[in-house]
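User: Hi! I'm new to reading protein models. Could you walk me through this one?

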Amino acid sequence: MSHYSQAKFSISAPDITHLGPDEGIEVAFAGRSNAGKSSALNKLTRQKGLARTSKTPGRTQLINVFELDENRRLIDLPGYGYAKVPIAIKKKWQRSLGEYLQKRESIKGLVVLMDIRHPFKDLDQDLINWAVAAELPVLALLTKADKFKSGKRKNQLMMAREAALAFCGDVTVDVFSSLSGIGLENLQEKLDGWYGYERKAT
Ligand SMILES: Nc1nc2c(ncn2[C@@H]2O[C@H](COP(=O)(O)OP(=O)(O)OP(=O)(O)O)[C@@H](O)[C@H]2O)c(=O)[nH]1
Ligand SMILES: [Mg+2]
């Protein structure tokens, strides 16, 4: 049994003032709209309907909080970069995203999810660079990895790692698929470290 299957929906907050006390450890999932954040959270927690997913980009407009235990939370952040949203709404939710990242003390790790077919767009780079500068640990995940066969996938991962090195230094880059489960073990291992869960010796 994984710690992550314990996740329970806690709250949806329009901005950080509506979140609970800024204590404990939060790990946030961020990325462009439609990158697969909510799907990845469902895969990680083994709960198909935990985070709402959608074919329509811009589904997650609130900061959604899932509790693992009293001190540990998973955060599904609003997606960025989706053009077809009324500007007023977009401004509001991008502000809540920025505020969360800049002001929330309990964030201890950031997972940046990017579609493996077009990783490291400008906004992704900005976010990762910001996190690196803020000394916030980052895991860059290339999602929907099932879209590529193994050879192409490895190649794309190699290129993405080189791209990451070139523009923002040493961030971990890995592949992930919420359909096939590729990369799930590695994701859990990274999160275990951030949350301070001990790994069983095997
Ligand atoms: N093939 C494939 N499709 C995926 C995968 N993960 C997500 N998708 C699809 O991509 C679309 C968007 O997934 P979501 O998880 O809702 O994306 P999101 O990043 O939460 O999107 P917003 O909430 O709009 O920011 C849905 O149609 C998913 O079924 C994956 O690993 N493989
Ligand atoms: Mg979502």
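**Strands and helices**

Analyst: Happy to! Let's begin with a pair of strands: β1 (residues 8-13) and β3 run antiparallel, joined by 5 bridges. Strands here (E, at least two residues) and helices (H or I, at least four) are DSSP runs, numbered from the N terminus, and two strands pair if DSSP finds at least two bridges between them. This is a predicted model, so local features need pLDDT of at least 70 and side-chain atom pairs count only at pLDDT 80 or more, while totals for chains, interfaces and linings use all residues. Residues are numbered from 1 along each chain as its sequence is written, with chains lettered from A and ligands numbered from 1 in the order in which they are written.

User: Which residue stands opposite Val65 in β3?

Analyst: That's Ile11.

User: Is β3 mostly covered or uncovered?

Analyst: Mostly covered: 5 of the 7 residues in β3 (63-69) are buried. Buried means that 20 or more other C-beta atoms lie within 10 Å of a residue's own; exposed means 12 or fewer, partly exposed is in between, and C-beta atoms are placed from the backbone.

User: And how many residues lie between β3 and β4?

Analyst: There are 2, and the two strands form a hairpin. They run antiparallel with 5 bridges, and Phe66 stands opposite Leu74 in β4. Leu74 is also the bridge partner of Val27; β2 and β4 run parallel, again with 5 bridges.

User: What order do the strands take in the sheet?

Analyst: The order is β1-β3-β4-β2-β5-β6-β7, an open sheet of 7 strands with mixed pairing. β1 and β7 (172-175) are at the edges with a single partner strand each, so one side of each has no neighbour in the sheet.

User: Switching to helices: which residues of α3 are buried?

Analyst: Asp124, Leu127, Ile128 and Ala131. They line one face of α3, because seen down its axis they fall within an arc of 95 degrees, taken from the directions from the helix axis to the C-beta atoms. On the other side, Asp122, Asp126 and Ala133 are exposed.

User: What covers that buried face?

Analyst: The cover of the buried residues includes β2 (25-31), β5 (107-115), β6 (138-143) and α4 (150-168).

Conventions:
Two residues are in contact if their C-beta atoms, placed from the backbone, lie within 7 Å.
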